[in-house]
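Here are my notes on the model you sent. They are set out as numbered points, beginning with a single residue and ending with the whole chain.

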Amino acid sequence: MSEQDTLGKVDLASTKPASPRQSAWRWQWLVAPLMGVSFILHIALLFLPIPSVDLIPEEEVEEEATDSEEEEVIDVLNLADITAPEPPPEEAPSPEEQAPPPAENVAPNLDPTQIVETPEEAPPPVEEQPAESFVDTSRDQFISGISDLGVEDYTSDLGLPRPNFFRRPENAGCFIDAGGNPVPGIRVLNWLDKEPQTLLRENLQNVYGQSGVAFVEQAAYCGERYFYLYAPSGEFFMAMSLVQMEGSALLVSWEARPQ
C-alpha cells in the first residue's frame, strides 16, 4: 500500500463521526460538576431567610399607614389629656397671714407709710327727733309754764274777752271768732292782767330767758305785736302774739305760724 493510500485512510478515519456512547462520555465530565454546584446552591437556599412579600396594594398600604398614624396621634393626645396631672390648688393664706400687724406692734424702724391701720368702726347714727315732736314738746312746756309767771289769768274765771275789751276792736276778728272761740291755728289763749310790754319784759323774758328761750319780734300781725320763739339750740318752736287789751294783754300761742 502506498504512502498516499495510508494517509487517505488516516484522513477517512479522522473524519468518521463519533458514536452516541462516545458523545455521552464526552459531556459527562461537564454535567457532573454542574449538578454538584446546583446541589450546593439548593442547600444554601434552604438556610437563607425568606422575605415576606406584601401583596396588599400600595394605596391600601398608604391608607392603613395614614389611619394608624392618626390613631397614634389621637391616642397620644388622649393619653396626654388623661395622664396629665392637674396642678394642686393654691392654698389660701390664713387670716393671720393676711391681716396686717397692728400699728402698735410695728417696729419703730419701719416706714410709717407701710403701716396699715385698722379703720375704726363708725358709731351708729343718732336718730334725730322729728322736728314736729320737738316743736310740740317745747310748745307744751312753754304753755304749761304760763301759770308760773306770777300774773293773774282771767281766762280761768271769765273766759275769753269780747271784742269791746280790745284796745283796737277791729283786730279782735284775727284772734276770736263771732262765737267767742279762738280762730283756727291758735293753740291756747291766755287773758292776763298786765300790759303787753310789761308782761314781756318782767315776766316772759325773765322766766323763760333763764332757760335760754329767745323772743324775736317780727312784723306786726293784724296790728298787734308778733314774736318767734327759739329754743336754746336755736330751733324755732312756736309763734306768739301779744294783743293790747284795755289794761291787760291777750297772750296768743299759735299752733302754726299765721298767714
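1. Gln-244 is buried, with a relative accessible area of 11%. Buried here means under 20% relative accessible area, exposed means over 50%, and partly exposed covers what lies in between (1.4 Å probe, protein chains only). Gln-244 belongs to strand β4, residues 236-244. Leaving aside residues up to four places away in sequence, Gln-244 touches Phe-166, Arg-167, Glu-195, Pro-196, Gln-197 and Glu-224; a contact means heavy atoms within 4.5 Å.

2. On the basis of these values: this is a predicted model, in which local features need pLDDT of at least 70 and side-chain atom pairs count only at pLDDT 80 or more, while totals for chains, interfaces and linings use all residues. Residues are numbered from 1 along each chain as its sequence is written, and side-chain values use heavy atoms, with hydrogens and water left out.

3. Strand β4 is part of an open sheet of five strands, in the order β1-β5-β4-β3-β2, with antiparallel pairing. The edges are β1 (186-192) and β2 (214-221); each has a single partner strand, so one side of each is left without a neighbour in the sheet. On average, neighbouring strands of this sheet are turned by 25 degrees against each other, direction ignored. Two strands count as paired if DSSP finds at least two bridges between them.

4. Strands β2 and β3 (residues 224-230) run antiparallel and are joined by six bridges. Glu-217 has Phe-227 in β3 as its bridge partner. Helix α7 (residues 196-209) packs on the sheet and touches β1, β2, β3, β4 and β5 (249-254). The direction of α7 makes about 150 degrees with that of β4; such angles run from 0 to 180 degrees between N-to-C directions, with axes as lines fitted to C-alpha atoms, for helices over the stretch in contact.

5. Which residues form a nonpolar patch on the surface? They are Phe-39, Ile-40, Ile-43, Leu-46 and Phe-47, with about 620 Å² of accessible area together. Patch members have over 30% relative accessible area and no salt bridge, with nonpolar side chains joined within 5 Å and like charges within 9 Å. A salt bridge is a side-chain nitrogen of Lys or Arg within 4 Å of a carboxyl oxygen of Asp or Glu. Leu-46, in helix α2 (residues 20-47), is exposed at a relative accessible area of 72%.

6. For the whole protein, there are seven helices and five strands, taken as DSSP runs (helices H or I, at least four residues; strands E, at least two). Of the 259 residues, 22% count as buried.

Key: Areas by Shrake-Rupley, 256 points an atom, 1.4 Å probe, with all protein chains shown as cover.
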